[in-house]
Amino acid sequence: MKETYFREIKRFVRFDQGDARRLKQIWPLLAPELDRVVNRFYERLLEHEGARAVLVEGEPQIERLKGSLKVWLREIFSGPFNEAYYRKHQRIGRTHVRVGLPQHYMLTAMNVIRLEIGEILSEAFPDHPRRILHIRSVHKVLDMDLAIMLETYHQALTDALRAHDREENLRLAAAVEQATADLRVEELQARKAKEFLEATIETTGSLVVFLDVAGRIVLFNRRCETTTGYTREEVLGQSWFELFIAEENRPLLSEVFDSVRKGTMPSHYVNPIRTRDGSQRIVAWTNTVLQDPRTGDDVVVAIGHDITELKAAQAKLAEQEAWVTIGRMAASLAHEIRNPLAGIGGAIQTLIPAFGPDSEEVRVGQAILQRVDGLNQLVNDLLLFARPLVLHCIPVTPRVLLNETLQILRNDPEWQRMEVEVTGEWLDRSLPLDPQQIQLALTNLLVNSAQATDGKGRISVSVTGENGQVYITVADSGPGIPPESMAEVFKPFFTTKRRGTGLGLSNTRKIIETHGGSIAAGNQPGGGARFVIRLPVH
C-alpha cells in the first residue's frame with residue numbers, strides 16, 4: 001500500500017508515540033497560557049497591512065479566529081495524529097488559501113507560535129534534563145502542520161498554474177515542490193544540527209565558556225555550573241574576570257584575554273578560577289576566537305579541563321619522591337647509629353654497679369642511659385619511617401587493642417593522673433588489622449594527648465562506624481593544635497616538643513594509610529585536640 005502524505009511527513013520528522021505522549025504532558029502547562037499565545041499571535045499578525053486586509057470583518061472575525069486557533073492548539077497537543085487529523089488540518093490550510101492569506105504571513109505566524117511555546121517551556125523547565133526532548137516534540141508537530149499547510153498552498157498554486165498552462169505549470173509546480181521540500185529538509189537539518197550542538201555543549205565533561213569582547217559571559221555550560229557552584233542565570237552578562245578571577249590575578253589575565261582575542265598569544269593557558277565557596281580550581285584552557293553570525297562581533301570560545309586533582313597528585317608524587325630519598329638516608333644513618341648506642345648503653349650499665357647508689361656517677365650514668373633510650377627511640381622511628389610497611393592482619397576488636405595499649409601506658413608514672421574514657425558501640429566489632437602497628441599508632445596519639453595536658457588531663461576515645469567504615473576518635477582536654485601548625489602535624493620531622501622526633505604522627509599516618517584508611521587532625525569546639533582515624537571494615 002502506498003504511503004500517505006501524512007505518514008510520510010511523520011516519518012520524515014520522526015514523530016512517534018513518545019512525541020505524542022510528551023505533547024500531552026505539555027498541554028497542562030500550556031493551557032493556562034493559551035490566551036497569551038493566541039493574543040501574541042494576532043498582535044504580530046495585525047502588525048502587517050497585508051494580513052489586516054484579509055480580516056475584513058474586523059474584531060468579531062478576529063475573536064472567532066482566536067477561538068479556532070485555541071481549538072487548533074488543543075488538537076496539536078492532544079491528537080490523535082491520524083488521517084482524520086491530517087484531513088481536518090488540511091481544511092484549515094485551504095481556508096487560508098481561500099481567504100487570501102499570503103503564505104509568508106502563515107509561515108512567520110507559525111514561528112511566533114513556536115517561539116511563544118518554547119518560551120513557556122523554558123520557564124516551566126529551566127534546568128530540566130528532558131526539556132530538549134519536549135521542545136523537540138513541539139518542533140516536530142509544528143513542522144508537520146506547517147508541511148500540511150504548505151501542501152495546501154502548493155496544491156492551490158498547482159491548480160492555478162494548471163488552469164493557465166498545464167504543461168508549463170506542471171514543470172513550475174515540480175520546481176516549487178522540490179524547492180519547498182529542499183527548504184523543509186534544510187530547515188530540519190539546521191534545527192537538528194543546532195540541537196545537537198547545544199546538547200553536546202551541555203553534556204560534555206569540559207567547561208565551555210563564551211566571552212564577548214568585553215569579557216562578559218554569553219554562554220556557560222552545565223559543567224561550568226557544577227565546577228563553580230554558580231548557575232548560568234547568575235553569571236550570563238557578568239564579567240568573567242570579576243566573578244571568577246582573584247583580584248591580584250586580573251591585570252595579567254586581562255592582558256592574556258586581549259592577546260588571545262587579537263591572536264597574538266598561544267591558545268593554551270592554565271590559571272586558577274574562584275568558585276562560589278571561595279575555593280580555587282585549576283583549569284587548563286584551550287581558546288579560540290569565532291565570529292557571531294548574528295552580530296558579526298568576535299566571541300572568545302574557551303574550553304577548559306579541571307586539572308586540580310591532577311596538580312595535587314603531581315605535587316604529592318613529588319613530595320613522596322623527596323621523602324623516599326630522605327627515608328633512605330635516614331635508614332642508613334639509623335644503621336650507623338644503632339651499634340654505637342648499644343655499646344654505650346652496655347658500657348654504662350656495666351659501670352654503674354661499681355659506684356654507690358647515691359653517687360654522682362650513678363646519676364650521670366642514668367641520665368646517659370635515658371639519652372641512649374631516647375636516641376634508640378629516634379632510630380626506631382627513623383626505621384619505621386624509612387622502610388615499607390608489611391602488615392600481618394588478624395581479626396581483632398578495638399576494645400582489645402585499646403585495653404592492651406592503655407595497660408602498658410598506665411605502668412608509666414606520668415600516666416597516674418590521666419583520666420581516660422573509652423566508649424562506642426563498635427568497640428567489640430572484629431576488624432582485619434595488624435595489632436602491633438595499630439597499637440603503635442594508638443600509643444603515639446595517646447602519648448601526644450597526655451603530653452599536651454601535662455599528664456593530668458582527660459582523654460576520651462570513641463569507636464563508631466557507618467557505611468562500611470569504623471572511626472576511632474582520640475580527643476583531649478589540652479590547648480589544641482595551633483592554627484599555624486594544623487597543616488604541618490603529619491609532616492615528617494615536624495614537632496613542637498623540646499625533645500620530640502617529629503616522626504610519631506607521620507608514622508601513625510603511614511600505618512593507618514597502609515591499612516587503607518585515613519587520619520585527620522582538628523580541634524574540638526570546646527578546646528583540645530581531636531584526631532579521627534578511619535579504617536575500612538573489610
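Ile-511 is buried, its relative accessible area being 0%, where buried means under 20% relative accessible area, exposed over 50% and partly exposed in between, taken with a 1.4 Å probe and protein chains only. This is a predicted model, in which local features need pLDDT of at least 70 and side-chain atom pairs count only at pLDDT 80 or more, while totals for chains, interfaces and linings use all residues. Residues are numbered from 1 along each chain as its sequence is written, and side-chain values use heavy atoms, with hydrogens and water left out.

Ile-511 belongs to helix H18, residues 504-514; helices (H or I, at least four residues) and strands (E, at least two) are DSSP runs, numbered from the N terminus. Along the chain Ile-511 and Ile-438 are 73 residues apart, yet their C-alpha atoms are separated by 7.0 Å. Two packed helices are described by the angle between their axes and the distance between the axes. For helix H17 (residues 435-452) and H18, the axes come within 9 Å and cross at roughly 145°, the axes being lines fitted to C-alpha atoms, for helices over the stretch in contact, and the angles running from 0 to 180 degrees between N-to-C directions. On the H17 side the contact (heavy atoms within 4.5 Å) is made by Gln-437, Ile-438, Leu-440, Ala-441, Asn-444, Leu-445 and Asn-448, and on the H18 side by Gly-504, Leu-505, Thr-508, Ile-511 and Ile-512. By class, the residues of this contact of H17 with H18 are seven nonpolar, five polar and no charged, with Ala, Val, Leu, Ile, Met, Phe, Trp, Tyr, Cys and Pro counted as nonpolar, Asp, Glu, Lys and Arg as charged, and the others, Gly among them, as polar.

From the helices we turn to the sheet. Five strands form an open sheet in the order E7-E9-E10-E12-E11, with mixed pairing; two strands pair if DSSP finds at least two bridges between them. Strand E7 (419-423) and strand E11 (518-523) stand at the edges with a single partner strand each, so one side of each is left without a neighbour in the sheet. From one strand to the next the twist averages 15°. Within this sheet, strand E9 (residues 458-466) and strand E10 (residues 469-476) run antiparallel and are joined by eight bridges, and Thr-464 has Tyr-471 of E10 as its bridge partner. H17 packs on the sheet, where it touches E9, E10, E11 and strand E12 (529-536), and its direction makes about 25° with that of E10.

Another antiparallel pair is formed by strand E3 (residues 268-274) and strand E4 (residues 280-291), joined by seven bridges, with Ile-282 in E4 as the bridge partner of Pro-272. E3 and E4 form a hairpin with five residues between them, and Gly-278 in the turn has a positive phi of about 90°.

Most residues other than glycine have a negative phi. Arg-14, although not a glycine, has a positive phi of about 60°; Arg-14 lies in the loop between helix H1 (5-13) and helix H2 (17-30) and counts as exposed at 61% relative accessibility. Asp-454, in the loop between H17 and E9, also has a positive phi, near 60°, and is exposed, with a relative accessible area of 59%.
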